[in-house]
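Please examine the sequence and the structure shown below before reading on. The report that follows takes up a few local features in turn.

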Amino acid sequence: MGIPSLLYMILLMMVFGSGNIVTLVIAMSVTSWMTAARSTRGLVLSLRQKEYVIASETLGAGAPRIILRHLIPNSMGILVVGMTMSIPGCIFAEAYLSFIGLGVTPPQPSWGQLISAAGETFRNYPYQFVIPCLITGITIFCFNVIGDGLRDAMDPKLHV
């Protein structure tokens with residue numbers, strides 16, 4: 001996790017070949033699972049020390065029952081918010097890889113391709129560069145706002 005995942009994605013796209021959306025999804029999946037696994041592990045370790053889990057163990061509940069009744073329901077909200085907050089990173093990674101020519105190839109549309117193509121004619125037609133950049137930025141901002149809203153809605157400490 002010490003090396004940025006974008007470097008791993010670039011290497012995977014060069015090894016497996018660029019231009020295919022399946023390869024891009026595989027590269028993103030291979031590199032982004034580590035963050036989700038680390039946060040899930042930390043959350044489950046934290047929940048395992050809660051009083052209701054210890055009480056359930058004391059009363060004789062088995063591991064499957066504790067997992068299904070306590071750990072999964074109490075961790076789902078945070079995991080959903082984490083997934084929502086990771087979507088902007090995936091959008092940026094796809095746009096960047098398409099911008100440098102390692103993402104999807106035409107005729108499949110991509111914001112990175114639009115930005116790259118508009119960079120060539122920026123002096124004559126600046127709006128062709130500004131509009132895809134602006135729309136990409138607005139989309140990433142909207143997913144961040146949705147993630148913040150979900151975090152606020154699913155945080156049980158705020159509803160007390």
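## Exposure and the aromatic pairs

A residue is called buried when its relative accessible area is under 20%, exposed when that area is over 50%, and partly exposed in between. With a relative accessibility of 49%, Tyr127 therefore counts as partly exposed. The model discussed here is a predicted one.

The structure contains 3 aromatic pairs. In one of them, the ring centres of Phe92 and Tyr96 are 6.4 Å apart and the ring planes meet at 15°, so this pair is stacked; the angle that counts as stacked is under 30 degrees. Both residues belong to helix H4, where they stand 4 residues apart, about one turn of the helix. An α-helix has 3.6 residues a turn, so residues three or four places apart point the same way. Phe92 is partly exposed at 48% relative accessibility, and Tyr96 is partly exposed at 31%.

Tyr125 and Tyr127 form another aromatic pair, which is edge-to-face. Their ring centres are separated by 6.3 Å, and the angle between their planes is 80°. An angle over 60 degrees is what places a pair in the edge-to-face class.

## The largest pocket

What is the volume of the largest pocket? The value is about 500 Å³. The pocket is lined by 20 residues, of which Ser32, Thr35, Ala36, Gly82 and Ser86 are the closest to its centre. Helix H1 (5–16), helix H2 (21–48) and helix H4 (63–99) are the elements that contribute two or more residues to the lining.

The largest share of this lining comes from H4, which supplies 9 residues. By type, the lining comprises 11 nonpolar residues, 9 polar residues and no charged residues.

Is Thr84 buried or exposed? Thr84, a residue of helix H4, has a relative accessible area of 10% and is therefore buried. A polar atom of the Thr84 side chain lies 2.9 Å from the backbone oxygen of Val80. Leaving aside residues up to four places away in sequence, Thr84 touches Phe143, Ile146, Gly147 and Leu150.

Ile78 also lies in helix H4. Its relative accessible area is 52%, so Ile78 is exposed. The C-alpha atoms of Ile78 and Ala118 are separated by 39 Å, and the two residues are 40 residues apart along the chain.

His70 is a further residue of helix H4. Which residues does His70 touch, not counting residues up to four places away in sequence? They are Tyr52, Val53, Ser56 and Arg65. With Ser56 there is a polar contact between the two side chains, at 3.2 Å. Between the C-alpha atoms of His70 and Leu102 the separation is 43 Å, with the two residues 32 residues apart along the chain.

## Ser29 in helix H2

Ser29 is located in helix H2. At 40% relative accessibility, Ser29 is partly exposed. The side chain of Ser29 reaches the backbone oxygen of Val25 at a distance of 2.8 Å.

Along the chain, Ser29 and Leu43 are 14 residues apart, and their C-alpha atoms are separated by 21 Å.

## From the loop to helix H5

Pro106 and Pro107 are joined by a cis peptide bond, with omega about 15°. Pro107 is situated in the loop between H4 and H5.

Which residue caps the N-terminal end of H5? That residue is Ser110, which has a side-chain oxygen 3.3 Å from the backbone nitrogen of Gly112. Helix H5 spans residues 111–120, and its buried residues are Gly112, Gln113, Ile115 and Ala118. The buried residues of H5 pack against H4 and helix H6 (127–154).

Note on methods. Residues numbered from 1 in each chain as written. Predicted model: local features only at pLDDT ≥ 70, side-chain atom pairs only at ≥ 80, totals over all residues. Heavy atoms only, no water. 1 Å grid on protein atoms, 1.4 Å probe; cavity = no way out; pocket = protein on both sides within 12 Å on 5 of 7 lines; lining within 4 Å. Points joined across faces, edges and corners; volume = space filled by probe spheres on them. Nonpolar A, V, L, I, M, F, W, Y, C, P; charged D, E, K, R; others polar. Buried < 20%, exposed > 50% of the residue type's maximum accessible area, 1.4 Å probe, protein only. Polar contact = N/O pair within 3.5 Å; in protein donor to acceptor, adjacent residues only side chain to side chain. Contact = heavy atoms within 4.5 Å. Phe/Tyr/Trp six-rings, centres within 6.5 Å; stacked < 30°, edge-to-face > 60°.
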